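Trainee: I have a structure open and would like to learn how to read it. Can we go through it feature by feature?

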Amino acid sequence: MLPPLTSQRTPVSRRTFLAVAGSALTAFGLAGCAPGGERPTVTFHQSKPEAVPYFRDLAAKYTASQDRVRVLHDMATNLSASFVRSSPPDLGCLNYNLEMARFMERGALSDLSDLPEAASIRDDVLDLTNWYPTYPGRTSVIPYSVMAASVIYNRRIFEQNGLTVPTTWDELINVCEVLNAAGITPIYGTFRDPWTIAQGLFDYTVGGMVNVRDFYRKMHEIGADVGPDSEVSFQKTLLEPVQRMVQLTTYVNADAPSRGYGDGNTAMAQGQAAMYFQGPWAFGEIEKAGTDLDLGTFPLPMTSDPGDLKVRVNVDLSLWVPEVANAQEGAREFLQYLMQPEIQNPYNAEFLGFGTTKNAPAVTDPRIAEMQKYYDEGRFYMGASQFIPNSIPAPNYFQSIIGGADAEATLRRLDADWARLAFRA
């Protein structure tokens, strides 16, 4: 998985984009020439780059398995424009984030609560969709895959230095000190790309100390009055975790300001650092190097209590059907096909996702298996950076803090941006 659109998406290379776009167009062409062209068409929008071939094949298999509808895989539609023109895709399977929630909040997505699949979703996972504004009385999205992110670490480096996975803040600092003394870079930083700071350092440190949902609930309630005297604010509530975020940057590679996401993946593949603050989407890139590695994951400890440990999650893919979809019935049938355990579970296994249903199997990949117990117990949070509108350049603010800007002053500026936006709304 590449990071979500709200502030985590790293650019896809031109070659990759053209290859994916070409394959999508090929799929459209083949489907258009297929027998049974008179069947109603279900337009299926799914644009997660690395999963496009996977879902394109599923769409083709489903089309061939029945004679009621044909499914066209679409990855190029501009969602905002399509909804404005009242011609959105019939079924979407996308990352569920603040931008996507706009459609749910405005009633643009139909109610799926009558589908049996809606009742199969874990309550705590379905509740993640309620972290964003919702439309009253509707189940507008059905979570398909959850991505859990935490600290990626090199097990061999830990073992060779007699280290165990830290479960408290003091233990984490001790691990970093031991590694430093051994001449090993504790944490690989990729500060050239602001989203990596937001998704990693910022989200992990804040989520490890602050109840993210309660914080943003209060921030929305206060709205235009957010500031130094309000009950919660960025400068007041998040200052301590941000200060600890800055403290952790003393344990990164010296060239972190000039290194980006790709550099971090290469460095981890070459064993240049012990830890890396990235999600499991990085494993596929690291794996391309073909090196013999033993990587695992653990939640970043931010307090003195191991009971506070949690992992950062996001609804990586969710299924939804627009209210004005032209082929609602066919879209709902294809949704039900995708939700079958024999279809959904293999997807999550291949793309390192966690299942969303009550009967979903545990993950088996050893690189993410250490997060399973936290996921099972509902000990997770959504990234704090994901609740800040794109019109506020929060990742750049966090990057400036990492670069030496005053943390309190920068968070005060973030408060002012939030209040100004709330006032306009």
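Mentor: Asp-114 is exposed, at a relative accessible area of 53%. The words have cut-offs: buried is under 20% relative accessible area, exposed is over 50%, and partly exposed is in between, with a 1.4 Å probe and protein chains only. A caution on the source: this is a predicted model, where local features need pLDDT of at least 70, side-chain atom pairs count only at pLDDT 80 or more, and totals for chains, interfaces and linings use all residues. Residues are numbered from 1 along each chain as its sequence is written, and side-chain values use heavy atoms, with hydrogens and water left out.

Trainee: Where is Asp-114 found, and which side chain does the side chain of Asp-114 contact?

Mentor: Asp-114 sits in the loop between helix H4 (98–105) and helix H5 (116–119). Helices (H or I, at least four residues) and strands (E, at least two) are DSSP runs, numbered from the N terminus. The Asp-114 side chain makes a polar contact with the side chain of Arg-332, at 2.4 Å. A polar contact is a pair of N or O atoms within 3.5 Å; within protein, one must be able to donate a hydrogen and the other to accept it, and residues adjacent in sequence count only if both atoms are side-chain atoms.

Trainee: How do I read a phi angle?

Mentor: Most residues other than glycine have a negative phi. Ser-86 has a positive one, about 60°. Leu-352 also has a positive phi, near 60°.

Trainee: What area do domain 1 and domain 2 bury between them?

Mentor: The size of an interface is often given as the accessible area lost when the parts come together. Here domain 1 and domain 2 bury about 1400 Å². That is the accessible area (1.4 Å probe) lost by two parts on being put together, summed over both. In domain 1, Trp-131, Arg-367 and Glu-370 lose the most area to domain 2.

Trainee: How many salt bridges are there between domain 1 and domain 2?

Mentor: Two. A salt bridge is a side-chain nitrogen of Lys or Arg within 4 Å of a carboxyl oxygen of Asp or Glu. Glu-370 and Arg-155 form a salt bridge, at 2.9 Å, N to O.
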